[in-house]
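Take a walk through this protein model, one feature at a time. Keep the structure open and find each residue as it is named.

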Amino acid sequence: MDEITDAAPPAPADSPADPRFAALPARPGKIVAVHLSYASRADQRGRRPQHPSYFFKPSSSVAASGDTIERPAGTELLAFEGEIALVIGSTARRVPLADAWSHVAGVTAANDFGLYDLRANDKGSNVRSKGGDGYTPIGPELIEAGLVHPDALRVRTWLNGDLVQDDTSAGMIFPLAQLVADLSQHFTLEPGDVILTGTPAGSSVAQPGDVVEVEVDVPGGPSSGRLVTTVVQGAADFDADLGSLPQADDLQRSEAWGSREAAGLPAGTPVLGDELRAKLEAVPVAGLSAQLRKRGLNNVHIDGVRPLHPESKLVGTARTLRFVPNREDLFASHGGGYNAQKRVFDAVGDGEVVVIEARGEAGSGTLGDILAIRAHAQGAAGIVTDGGVRDAAAVAAVGIPVYSSGAHPAVLGRKHVPWDADLTIACGGTTVQPGDVIVGDADGVVVIPPAIVEEVVDAALAQEDEDAWIAERVAEGHPVDGLFPMNAEWRARFETAHEDREAGR
């Protein structure tokens, strides 16, 4: 017979006494997390969303302060994300923005851990990459929401005692109350539900043995206390017979660590270092076009565009934007607010060229002086559109190289809807991919695949040197027959002259 004791039975896993939920009023029915919500993080990622987007995390992923988290065997990219967690206090369904904060009972710290090795196959759902046991530490204390202003909260994260994240809710793209109101449009938020509100810049990778701490507070006011999590190495392998295995590539490494540099990777594809850029600025587009043709690339010219500054050279890498034909209902949903056009001009980086697909439709402007000023302020190398330019004189005055099909006074919505960005587009009859090398001068604009840009520009410079020597001979009175192109005799004379010049003779 089993021995009878007076000991109480263990608490069931969903009991309020479960230590995982010590910081919460109960086990949450839903945990909703925001993909990208801080301006600092958006700037780090090089993209800024127009609207918030979300994913769910299971309540089984919740952990308490002081718990450990396993980095599974065969993985390398367990990333921490210090966040502000909102705990819903009263039922919220289609609540207006002005009333949304009143439905929040408390605020505390959270760590939205993610395993980037599993991220690619999750395709944005984050089910496996962020749903693991212990991947959502929360606590240790709740701050009463009614005692704080939603824009006054601060979140900080320490890795092994070093401060690595420090931002405030005032730096969010989407205010905290907006997240509550927006989610309540789609489903009922119930008491105890948790919203993880996104992480600022500074998120990175934690290794076994690392200690990660997160605190949410109002400077000089109430605090959640430090939420402490220690990373340990797991021993169990994933079963390939059951599903896809973890895999890490350089994209996931750079995003998990926060940058290519932090991940120990080369600082991006070095297609336009200073030396290469100088070469591209020195060679005419006509010479590049000839070399591309020799390599079988005939469809690399952005036709029908002319420069506002024919004297200026355009050299940069493509940042793409696509417009679709105007349809009134689609312009109403995609044309206003922080649309794709505005997002691209806000995100364009140093040395990049905004390339716009407008289908060759010149019956309205595709940009004006405000966006040209923004691109110039961001350090963009230029703008190419196969549509029109509005406020052409003002755009020209900005000074940034701009190529277009001409001027037109009409606003965007007459012919176009800004649709999407950072994808393969068609501009002026040629295909342009993000990262393609764009070079323009008074002759026009050419697109060079990054993989062959060094080969092409070196060959073009060599040809320019040869052509200059031929031009000198023609100016001396020699006929072009046999000289252009050079026959064997003229080729030998050129090589001798070239060697003498190189030797300084």
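Start with the second largest pocket. By class, its lining holds 9 nonpolar, 10 polar and 12 charged residues. This is a predicted model. The lining of this pocket has 31 residues in total. Nearest the pocket's centre lie H35, L36, R45, R47 and S53. The volume of the second largest pocket is about 580 Å³.

Which elements each supply at least two residues of this lining? They are α1 (39–45), β8 (114–115), α9 (340–347) and β22 (416–421). Helix α9 gives the largest share, with 3 residues.

Now turn to charge. Side chains of opposite charge can pair when their charged atoms come close. How many salt bridges does a search of the whole structure find? The search finds 26.

Look at R48 and D43. Their side chains meet in a salt bridge, with 2.9 Å from N to O. The two partners differ in their cover. R48 is partly exposed, because its relative accessible area is 25%. D43 counts as exposed, because its relative accessibility is 54% and the cut-off for exposed is over 50%.

Next, find R295 and E455. These side chains also form a salt bridge, at 2.6 Å from N to O. R295 sits in the loop between α7 (285–294) and β16 (301–302), while E455 sits in helix α12, so the pair ties together parts that are 160 residues apart in sequence. R295 is partly exposed, with 30% relative accessibility. E455 is partly exposed too, with a relative accessible area of 44%.

A further pair is R327 and D329. The closest N and O atoms of this salt bridge are 2.8 Å apart. R327 has 45% relative accessibility, so it counts as partly exposed. D329 also has 45% relative accessibility and is partly exposed.

Salt bridges can also be followed through a group of residues. Trace R41, K57, E81, D112 and K130. These residues are linked in a network of salt bridges.

Which residues make a nonpolar surface patch of about 270 Å²? They are V474, V480 and F484. Take V480 as one example. V480 is found in the loop between α12 (453–475) and α13 (488–503). Is V480 buried or partly exposed? V480 counts as partly exposed, because its relative accessibility is 46%.

Stay with F484 for a moment, and look at the backbone. The peptide bond from F484 to P485 is cis, with omega near 0 degrees. P485 lies in the loop between α12 and α13. Another cis peptide bond joins G139 and P140. There, omega is about 5 degrees. P140 belongs to strand β9, which covers residues 136–144.

What makes such spots worth a look? Most residues other than glycine have a negative phi, and most peptide bonds are trans.

N160 has a phi near 55 degrees, a positive value in a residue other than glycine. N160 is placed in the loop between β10 (154–159) and β11. With 44% relative accessibility, N160 counts as partly exposed.

D422 is the next stop. Phi of D422 is near 55 degrees, again a positive value in a residue other than glycine. D422 lies in the loop between β22 and β23 (425–427). Strand β22 is one of the elements that supply at least two residues to the lining of the second largest pocket. D422 is partly exposed, with a relative accessible area of 38%.

End at D167. D167 is in strand β11, residues 162–168. Is D167 buried or exposed? D167 is buried, because its relative accessible area is 16% and the cut-off for buried is under 20%. Now compare sequence with space. D167 and T199 are 32 residues apart in sequence. From C-alpha to C-alpha, D167 and T199 are 8.9 Å apart in space.

Conventions:
Residues numbered from 1 in each chain as written. Predicted model: local features only at pLDDT ≥ 70, side-chain atom pairs only at ≥ 80, totals over all residues. Heavy atoms only, no water. Patch = residues over 30% accessible without salt bridge, like charges linked within 9 Å, V, L, I, M, F, W, Y side chains within 5 Å. Areas by Shrake-Rupley, 256 points an atom, 1.4 Å probe, with all protein chains shown as cover. Salt bridge = Lys/Arg side-chain N within 4 Å of Asp/Glu carboxyl O. Helix = DSSP H or I, 4+ residues; strand = E, 2+ residues; numbered from the N terminus. Buried < 20%, exposed > 50% of the residue type's maximum accessible area, 1.4 Å probe, protein only. 1 Å grid on protein atoms, 1.4 Å probe; cavity = no way out; pocket = protein on both sides within 12 Å on 5 of 7 lines; lining within 4 Å. Points joined across faces, edges and corners; volume = space filled by probe spheres on them. Nonpolar A, V, L, I, M, F, W, Y, C, P; charged D, E, K, R; others polar.
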